[in-house]
Amino acid sequence: MIRGIRPLLRGSTYAGVLFASCGALASLPLLPFAMLPALLWRSAPYGVQAVLTLLVWAALIGAVGLARTTRRVLIASARRLLRVPLPDPAAGRRFASSPGTGPTPTAPAPAAPSGADRLRTPLWLLLHVALGWMGTLVGGVLLLAGLTLPGGWLDSEAGLSLFGWSVRVAGGGWSWMVGLGCLLLAAMVCVVVTKALRWLAPRLLGLSAAERLALAAERELLLAERNRLAQELHDSIGHTLTAATIQAAVAGEVLSADPVAARTALRSIEESTRAALEDLDYVLGVLREEEAGTAPIRTLADLPELLDRLRHAGAVAEPDLSGELAQVQGTLSRAAYRILQEGLTNALRHGSGGPIEVRVAAAPDALELRVVNRTGTGTGKGAFPTSGHGLPGLAERVRLLHGEIEAGPDGPQHWRLAVRLPVRGSA
């Protein structure tokens, strides 16, 4: 019994009793309307009138529960008073495709709620009101008995009849014991009502099966969008910082001997960092859920500029371009640019400074990309610590385009990145 009243000492139980009582009191304005059929049918027996009134009252309460506003209010109040973690209904937020970023999957619209889902809120409201009245009436009567029985206050007495046996308490020591028992029972009623409401709330006010599916789809799309943005940021900013670091070192070495070359390197740093800032502003705008500007479009048409920045960094690029590259458009062209950018970045980071072979071959059925560089210390792996996400990100990008990728040593002193992307309607 003592363990039973311990939860009553917690604030959550008091708040639960208040929540239950509010539900009971909130149903009172509907009672006069529920009594109208009984008033119109005065000839019916009293029992029939009472049942009819209760049925109409329950129907009116359930009708109030069908409103969406009612559900939102009930969820907010249950969070506040019952301390039940109830999530908002899944809205199925959609992700719009931004220009230049390629098609982004769109979350399917939430499925229409089933009949059982629509009836969960009215059922919760009916049980809330029923438990509220039970707790208010039963708990109130027990509390009044527990306060008035000891000492015979208000000339009170208690009686119990069961299976022909009758017991009556009127004053004396037994009245104190019965009064204490009534107080304990009132406390137990409060605990039971609160526990019942806390148990019912997640099941009737929580997410339905359709809402959980919509929320899972939304989370999956959000994770995919964040991964895509992280890959874009890794490709653009990582390449720029690598090239800018090497160009700054070159400018420092030739500043006195060849000022023209130093100015060229500094100008290249300015151009590449400006392009990287555009990428960064766009990604940060999306992550902050702001109105981001148009995403910078990098395609195979920008490959000559990329190779120029490579040469300004002191690297020797040997491009081999064949086929109708101008006919490669849309997502395929953007993905090919990012793949080549990551391959050239790795060549700058880990290569020995030798020539970098860049091959792009466009055929009617496939686009082939290849970057081969000489391995060695060079600028050195230690000078450019990496996160290890570059090649896995490339593999994921190629997989989404149904392509093939090979990356690894090509002989004893070379590293090769080879990618084959099928050409299909990717614009």
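Colleague: Hi! Where is Glu357 found?

Modeller: Hello! Keep in mind that this is a predicted model. Glu357 is found in strand 4, which runs over residues 351-362.

Colleague: Thanks. Is Glu357 buried, exposed or partly exposed?

Modeller: Glu357 counts as partly exposed, because its relative accessible area is 35%, and that class lies between the 20% and 50% limits.

Colleague: And what does Glu357 touch, not counting residues up to four places away in sequence?

Modeller: With those neighbours left out, Glu357 touches Glu318, Arg370, Val371 and Val372. As for Arg374, 17 residues apart from Glu357 along the chain, the two C-alpha atoms are separated by 9.4 Å.

Colleague: Let me step back a bit. How many helices and strands does the protein have?

Modeller: There are 13 helices and seven strands in the protein. The chain has 427 residues, and 40% of them count as buried.

Colleague: On to the helices. At what angle do helix 4 and helix 7 cross?

Modeller: Helix 4 (residues 46-65) and helix 7 (residues 120-148) cross at roughly 130°, and their axes come within 7 Å. That angle makes helix 4 oblique to helix 7. The crossing of helix 4 past helix 7 is right-handed.

Colleague: Which residues make that contact?

Modeller: From helix 4, the contact uses Trp57, Ala58, Ile61, Gly62, Val64 and Gly65. Helix 7 contributes Thr121, Pro122, Leu125, Leu126, Val129 and Trp133. By class, this contact of helix 4 with helix 7 has nine nonpolar, three polar and no charged residues.

Colleague: How do helix 3 and helix 4 pack?

Modeller: Helix 3 (residues 31-40) and helix 4 pack at an angle of about 140°, and their axes are 8 Å apart. The two are therefore oblique to each other, since only angles over 145 degrees would count as roughly antiparallel. Helix 3 passes helix 4 in a right-handed crossing.

Colleague: Which residues of helix 3 and helix 4 make the contact?

Modeller: On the helix 3 side they are Leu31, Phe33, Ala34, Met35, Pro37 and Ala38. On the helix 4 side they are Gln49, Leu52, Thr53, Val56, Trp57 and Leu60. Sorted by class, the contact of helix 3 with helix 4 has ten nonpolar, two polar and no charged residues.

Colleague: New topic, backbone angles. Which residue other than glycine has a positive phi?

Modeller: Arg83 is one of them, with phi near 60°. Arg83 sits in the loop between helix 5 (68-82) and helix 6 (115-118), and counts as exposed at 53% relative accessibility. His402 also has a positive phi, of about 60°, although it is not a glycine.

Colleague: Why mention those angles at all?

Modeller: Because most residues other than glycine have a negative phi.

Technical notes. Residues numbered from 1 in each chain as written. Predicted model: local features only at pLDDT ≥ 70, side-chain atom pairs only at ≥ 80, totals over all residues. Heavy atoms only, no water. Helix = DSSP H or I, 4+ residues; strand = E, 2+ residues; numbered from the N terminus. Buried < 20%, exposed > 50% of the residue type's maximum accessible area, 1.4 Å probe, protein only. Axes fitted to C-alpha atoms, helices over the stretch in contact; angles between N-to-C directions. Parallel < 35°, antiparallel > 145°, perpendicular 65-115°, else oblique. Left-handed = near helix turned anticlockwise from the far one by under 90°. Contact = heavy atoms within 4.5 Å. Nonpolar A, V, L, I, M, F, W, Y, C, P; charged D, E, K, R; others polar.
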